[in-house]
Amino acid sequence: MEKFVNNAFIYAILAMASGVFYREFTKFCGFTEWTALSVVHTHYFILGMMFFLVLGLVEKNIHFMGQKTNRALIGYHAGLNITAIMLFIRGVLQVTATDTLSHGMDAAISGIAGIGHLVLGASIIMILLAIKKNCEE
């Protein structure tokens with residue numbers, strides 16, 4: 001359970017840092033429209049901190065962790081961070097109004113963020129299946 005709480009703590013710090021960056025960076029640039037930077041904060045709070053706090057409680061009661069589940073958690077971390085990094089990059093480009101971005105680079109940013117979401121989704125399903133399996137035993 002301590003591992004889950006430590007992960008939650010790290011994601012809470014990342015969430016707060018990304019929230020402060022979003023607020024200060026957009027204020028500094030005089031940007032008032034919606035930007036992808038605004039959702040990095042919530043991704044890290046909900047999918048990072050809250051998810052691992054809940055997993056810690058579930059592990060304490062059900063003991064679902066195993067080798068496959070450990071691999072799914074590595075995938076979860078990778079998917080969440082790839083997604084957040086690409087949202088961060090997209091948001092910075094939106095705020096700075098970078099018009100020099102080629103169509104290919106724009107598509108690459110969206111594609112990599114999509115891959116992050118896919119890895120995240122697949123990992124969630126694997127973790128939930130492991131929990132379900134241990135609930136039935």
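**Exercise 1.** How are H1 and H2 oriented to each other, roughly parallel or roughly antiparallel?

*Solution.* This is a predicted model, in which local features need pLDDT of at least 70, side-chain atom pairs count only at pLDDT 80 or more, and totals for chains, interfaces and linings use all residues. Residues are numbered from 1 along each chain as its sequence is written, and side-chain values use heavy atoms, with hydrogens and water left out.

Step 1. Helices are DSSP runs of H or I with at least four residues, numbered from the N terminus. Axes are lines fitted to C-alpha atoms, for helices over the stretch in contact, and angles run from 0 to 180 degrees between N-to-C directions.

Step 2. The H1 and H2 axes cross at roughly 165° and come within 8 Å.

Step 3. Angles under 35 degrees count as roughly parallel, over 145 as roughly antiparallel, 65 to 115 as roughly perpendicular and the rest as oblique. H1 and H2 are therefore roughly antiparallel.

Step 4. The contact of H1 with H2 has 18 nonpolar, 7 polar and 1 charged residues (nonpolar: Ala, Val, Leu, Ile, Met, Phe, Trp, Tyr, Cys and Pro; charged: Asp, Glu, Lys and Arg; polar: the others, Gly among them).

**Exercise 2.** Describe the packing of H2 and H4.

*Solution.* Step 1. The axes of H2 and H4 are 12 Å apart, at an angle of about 15°. That makes H2 roughly parallel to H4.

Step 2. Residues of H2, including Phe51 and Leu55, meet residues of H4, including Ile127 and Ile131. This contact (heavy atoms within 4.5 Å) divides into 9 nonpolar, 3 polar and no charged residues.

**Exercise 3.** Which residues touch the most other members of the largest nonpolar core?

*Solution.* Step 1. A nonpolar core is a set of buried Ala, Val, Leu, Ile, Met, Phe, Trp, Tyr and Cys residues joined through side-chain atoms within 4.5 Å.

Step 2. Of its 23 residues, Tyr44, Phe52, Leu55, Phe64, Tyr76 and Ile127 touch the most other members. H1 (2–29), H2 (37–62), H3 (67–95) and H4 (103–136) each supply at least two residues of this core.

Step 3. Not counting residues up to four places away in sequence, Ile127 touches Phe51, Leu55, Phe64, Ala72, Leu73 and Tyr76.

**Exercise 4.** Is threonine 69 buried or exposed?

*Solution.* Step 1. Buried means under 20% relative accessible area, exposed over 50%, partly exposed in between (1.4 Å probe, protein chains only).

Step 2. Threonine 69, in helix H3, has a relative accessible area of 6% and is therefore buried. Isoleucine 85, also placed in H3, has 47% and is therefore partly exposed.
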